[in-house]
Amino acid sequence: MHTPLCRHARGTPSEYAARAVAAGLTEIGFSDHSPMRRDDFDDWRMYFHQLGQYVADVEQARRDHPHLTIRLALEVDYLPGQESWIRELAALHPWDYFIGSVHYVSDSWDIDNPYKLSEWKKRDPFAVWSVYFERLTQAAESGLFEIIGHADLPKKFGIYPREDCTGLFTRFLDAVARAGVAIELNTAGLRKDCREIYPSPQIVRLAHDRGVPITLGSDAHAPEEVALNFAEALALARSAGYDRTCRFTRRVREMVPL
Ligand code: ZN
Ligand code: FE
């Protein structure tokens, strides 16, 4: 879940937590968009100097909702070459997990950015998906993340390659399984043009075949999105054979019944 510090979400962490309690959740995690080394990299993440405020806001939510377990995390952009920066971030606060996400297939194109939708028209979808999954595979292999975020994000606007992408998925998931990381079932996809949870049922089945653990996320950018469509995420997980999810405490994984 996100916070207003990323400049495209609203509601305080405490308001998200209140919504989680009302929805019957016992544990949630904040994973707002991490700062880049350069604050002018883009305009949809917190500034580096706000990182302490972010942690304080999450700690305030913990004090306001003492019976709810609230994890402190980040959604961290993976770009090749950023590894040392991500390690520096990791050392700054007692994080429970890092979600590794790929949004950028180059230094200048974040493929999910609605203001850059026209870029898709200039590209071959399969080439974009290939670069995206290559980077996602590197993210899984990097050892920097506990969870890989929204694994098939390129489908966001409903633009799919004509080619069969199974090879991209299996190469990625084999790396995920070797690295011992989890993937998230992210319901935000249902709120986008693709109208489908990230990742697709095919990818969730392939992940289950390889023993890859899952987490559930709503990717909430507003309090009313907390736990949105979790029934669908549970159904997807179960249909792929999952009976467990996992949680992270100070970057250590523990399996829990679904
Ligand atoms: Zn966001
Ligand atoms: Fe993301």
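## Where two helices meet

Pro 13, Ser 14 and Ala 17 of helix H1 touch Asp 57, Val 58, Ala 61 and Asp 64 of helix H2, where contact means heavy atoms within 4.5 Å.

H1 covers residues 13–22 and H2 residues 51–64; their axes come within 8 Å and cross at roughly 40 degrees. The axes are lines fitted to C-alpha atoms, for helices over the stretch in contact, with angles running from 0 to 180 degrees between N-to-C directions. The two helices are therefore oblique to each other (under 35 degrees is roughly parallel, over 145 roughly antiparallel, 65 to 115 roughly perpendicular, and the rest oblique). Helices (H or I, at least four residues) and strands (E, at least two) are DSSP runs numbered from the N terminus.

## About the model

This is a predicted model, in which local features need pLDDT of at least 70 and side-chain atom pairs count only at pLDDT 80 or more, while totals for chains, interfaces and linings use all residues. Residues are numbered from 1 along each chain as its sequence is written, chains are lettered from A and ligands numbered from 1 in the order in which they are written, and side-chain values use heavy atoms, leaving out hydrogens and water.

## The sheet

Now to the strands: six of them form an open, parallel sheet in the order S1-S2-S3-S4-S5-S6 (two strands pair if DSSP finds at least two bridges between them). S1 (27–33) and S6 (214–217) are the edges, each with a single partner strand, so one side of each has no neighbour in the sheet.

Within the sheet, S2 (residues 69–77) and S3 (residues 97–101) run parallel and are joined by five bridges. Asp 77 stands opposite Ser 101 in S3.

## Two metal ions

The zinc ion (ligand 1) has His 8, His 33 and His 221 as protein donors, each through NE2, at 2.0 to 2.1 Å. Donors are N, O and S atoms within 2.8 Å of the metal (3.2 Å for Na, K and Ca); water is not among the atoms, so sites may look incomplete. His 33 lies in S1 and His 221 in the loop between S6 and helix H8 (230–239), so this pair ties together parts 188 residues apart in sequence.

The iron ion (ligand 2) is coordinated by Glu 75 (OE), His 103 (NE2) and His 150 (NE2), at 2.0 to 2.2 Å. The iron ion and the zinc ion are 5.4 Å apart.
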